[in-house]
Structure formats: C-alpha cells, structure tokens
Amino acid sequence: MSKFPAHLSGLIGKSVNDIDTPALVIDLDAMKRNLGRMAEFAKKHRVHWRPHAKMHKSVQLAKMQIKAGAVGVCVQKTAEAEIMVAGGVHNVYISNQVIAPAKLARVAALTQAVAPHGGQMAIAVDSAEGIIRLAQAMTQARIRPGLPGMATVIDVFVEIDVGQGRCGVQPGEAAVTLALEIRKHPALRFAGIQAYHGKAQHVRSVQERRLACAVAMEAVDMTCRLLQAQGMKPGLVTGAGTGSFALEAASGIYGELQSGSFMFMDADYAQNERDPVQPHFEHALFVKTQVISSHASHAVCDAGHKSHAIDSGLPRVHTLAGPSGLDYFNGGDEHGILRPEAGSTRLPELGQHLWLIPGHCDPTVNLHDVMIGVGDGLRQGTVERIIRVDARGAMT
C-alpha cells in the first residue's frame with residue numbers, strides 16, 4: 001500500500017501540468033537558491049543559522065536545511081520537537097514557553113533521546129516557576145529506572161521581550177535573575193538570550209525596521225552587560241527573522257539567526273521594502289488552483305480558505321510571465337473569486353490553471369498533508385518529490 005493517496009503516488013516524474021488542484025507546490029529550484037543564499041550569508045557574517053521548522057513542518061526539509069549549513073532547527077511546540085527527533089533531527093530548540101508538567105516530561109525525554117546521537121535539546125524560559133518545573137522534569141527523567149548514566153542537561157535560553165509584547169521578561173535585571181536561577185539546577189545549562197522581535201519582521205520600510213531593531217539591540221546589549229557584571233558569560237544571543245536578520249547579523253551581538261520564511265517567501269514578506277544588505281529571496285511556495293466557473297464579471301477557482309491561510313491577507317495571483325491582471329477575493333472555504341485588476345478586462349478561461357502566492361506560508365503549510373516538489377520551474381517542470389508535512393496539526 002502506498003504511503004500517499006492514489007492521485008499522488010504515481011505523480012513523481014510527471015509534468016507539473018498533471019498536478020491535481022488545489023495543491024501546495026514547491027518550486028524546488030527557487031527554494032534551493034534561497035537556501036544557498038541564506039547559508040552563504042550566515043557563513044560570511046560568521047553567525048549560526050537555526051531556521052524555524054514550524055514554517056515547513058517537514059523532517060525532509062529540516063534535514064535539507066542542516067545539510068545546507070544550519071546548526072539545527074527551532075520549533076514552537078513540544079509535538080513538533082518530537083516529530084523532528086523521531087525523524088532523525090537531533091539538534092532542536094523549542095523557542096517557546098513550556099509550563100505543563102506532562103509536556104515538560106516529554107521535553108526531558110527528548111533530551112535523553114538525542115544525547116546518544118550527539119544531539120542537544122534547548123528550550124526558552126521567562127519565569128522562575130517555568131525553570132523550577134523544567135528542572136523537576138529533568139531530574140525525574142534522570143532517575144527513571146532502566147536509564148543508568150543518562151545524566152543529560154538541557155540548554156536553557158532566557159527570553160526577553162524586545163518589542164513583540166508576547167512572551168519574555170523585561171530586559172535587564174529580570175533576565176539576570178532568571179539566569180542565576182537556571183544555574184542552581186544541575187540538569188539545566190544557561191545557554192544565552194532569546195531575543196526575537198516578531199513585530200519588526202513586517203514593518204514595511206527599511207528605515208523603520210532598522211529603528212525597531214536598534215531599540216531591541218540596545219535592550220539585548222544592556223542585558224548582556226548586566227550578566228557580565230554578575231560574573232556570567234552572556235552565552236549565545238539568538239533571534240532574528242526573515243524581515244530583519246541582516247540587521248541582527250551586523251549587530252555584533254546576535255550569534256544565531258532563526259529566519260525560516262525566506263525559504264518559501266510568502267506574499268506578506270514580499271510587501272516589505274527590501275534592505276539592500278539582505279539577500280534577494282524568490283517565491284518558492286505556491287497553491288496551484290483551477291478555474292471551475294466563469295462569468296462575465298468574474299471567475300471562480302477551487303482554492304479557498306481550506307487551501308491557504310488568510311491571517312496575513314489574501315493570496316496574490318502569480319503568472320509565469322508578466323503581470324497576472326487578476327485580483328483574488330474571498331470566496332469562502334472552497335472557492336476563490338478572481339476579478340480583473342483596475343484597468344484590465346482579462347479573465348481566465350474555464351479550466352485554466354493558476355498559481356497563488358499565499359499570504360502567510362506557515363499556517364498555509366499546516367493546512368496540507370503534503371507539498372509537491374517540482375524541478376525545472378513551474379512552466380514546464382517535473383514532479384521530483386512528494387514532501388510530507390510531518391508535523392501538521394502538532395499543537396501540543
């Protein structure tokens with residue numbers, strides 16, 4: 001029995017035109033160029049690169065990133081970490097808060113699972129209670145029957161709020177207090193500072209992004225100096241995203257970049273004014289759709305909400321040559337409405353295939369069981385691989 005549905009199992013080697021719709025498709029050549037540019041950038045600037053696997057949720061793509069030069073991956077959920085480790089990815093950082101004892105027991109088990117492979121688990125914290133609970137879980141894992149000699153440690157990053165307004169303690173003394181608390185527990189190792197500025201990623205102008213990141217860097221630098229005053233090494237400062245990573249890399253403060261979306265480049269990131277110091281990334285993720293109804297004023301395609309996330313806006317219609325002349329409108333769960341752009345009267349024909357650039361790649365991927373990888377471009381390309389979305393729905 002094939003591991004993929006019948007309409008997918010025989011697709012490898014066939015034309016891109018044979019892909020049924022709606023489908024999530026990766027332009028493999030564009031994706032590989034994006035990977036190469038990021039790897040080259042990180043190497044040139046002598047910073048680690050640990051991309052977010054929550055973006056693609058695929059063990060296969062995580063391994064491709066590591067082969068390209070990534071030191072490991074970030075995830076946001078314990079379940080995502082479990083899937084990565086089970087698939088053979090052994091350097092995983094949960095860059096999020098985990099508080100529930102049952103989840104922390106799973107994190108501790110993962111720490112032991114990766115150790116024989118030379119791997120390392122890491123996690124973020126932003127409270128003393130979170131540290132104590134993590135230490136308890138790690139201690140319990142160490143004394144489990146049948147596991148002699150597994151005195152593993154987990155790397156712990158103190159998360160500070162550098163402008164996101166989400167998780168994280170205030171920079172400065174509050175962060176130092178947590179770092180000192182981590183040092184009290186033998187199963188925990190203070191590894192550094194988590195300083196991700198999510199709001200800066202989608203600030204449209206280069207100048208405004210630079211200002212936002214400058215404020216964040218001042219907060220990180222101040223925290224590092226206070227740690228040093230306590231006789232502690234600040235450790236690794238990790239953070240950065242696709243919208244700002246060049247600024248963090250140039251700061252001399254950040255030692256690791258967590259950029260992930262650059263690999264696919266969604267429509268929302270494409271609206272940012274490109275910083276000239278940042279590499280150019282191409283769109284590599286598309287929803288293939290087909291026109292299923294045609295009218296005088298509009299056409300209807302078969303890709304609605306269930307095919308792409310709309311939290312960062314509706315998808316953009318992409319053509320392989322020149323402007324599409326079409327705008328995409330909300331048509332509900334299963335339908336998209338296509339209308340001519342201002343000044344145009346062009347509408348697609350019934351049965352015509354179209355390509356959509358999702359507004360936000362991460363939640364779009366989470367809507368699909370598989371991604372179809374196409375080589376040699378979308379115009380005349382061939383299906384080279386079917387990539388399972390291994391961590392689809394991994395929310396716990």
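Which residue forms a salt bridge with arginine 33, and how far apart are the closest N and O atoms? The partner is glutamate 282, with the closest N and O atoms 2.7 Å apart. Here a salt bridge is a side-chain nitrogen of Lys or Arg within 4 Å of a carboxyl oxygen of Asp or Glu.

## About the model

This is a predicted model, in which local features need pLDDT of at least 70 and side-chain atom pairs count only at pLDDT 80 or more, while totals for chains, interfaces and linings use all residues. Residues are numbered from 1 along each chain as its sequence is written, and side-chain values use heavy atoms, with hydrogens and water left out.

## Salt bridges

In total, the structure holds 14 salt bridges. Arginine 33 sits in helix 2 (residues 28-44) and glutamate 282 in the loop between helix 10 (267-270) and strand 10 (285-294), so their pair ties together parts that are 249 residues apart in sequence. Helices (H or I, at least four residues) and strands (E, at least two) are DSSP runs, numbered from the N terminus. Arg33 and Glu282 also belong to a network of salt bridges with Arg37.

How accessible are these side chains? Let's call a residue buried under 20% relative accessible area, exposed over 50%, and partly exposed in between (1.4 Å probe, protein chains only). Arginine 33 is partly exposed at 38%, and glutamate 282 is buried at 18%.

Another salt bridge joins arginine 189 and aspartate 155 (2.6 Å, N to O). Arginine 189 belongs to strand 7 (residues 188-195) and aspartate 155 to strand 6 (residues 154-159), so this pair links parts 34 residues apart in sequence. Arginine 189 is partly exposed at 39%, whereas aspartate 155 is buried at 15%.

Glutamate 181 and lysine 184 meet in a salt bridge as well (3.1 Å, N to O). Glutamate 181 is buried at 14%, and lysine 184 is exposed at 61%.

## The sheet and its helices

Eight strands make an open sheet in the order 2-9-8-7-6-5-4-3, with parallel pairing. Strand 2 (48-49) and strand 3 (73-75) are at the edges with a single partner strand each, so one side of each has no neighbour in the sheet. Two strands pair if DSSP finds at least two bridges between them; strand 7 and strand 8 (residues 236-239) run parallel and are joined by four. Across this pair, isoleucine 193 stands opposite valine 237 in strand 8.

Helix 8 (residues 206-229) packs on the sheet, touching strand 7 and strand 8, where contact means heavy atoms within 4.5 Å. The direction of helix 8 makes about 155 degrees with that of strand 7. Axes are lines fitted to C-alpha atoms, for helices over the stretch in contact, and angles run from 0 to 180 degrees between N-to-C directions.
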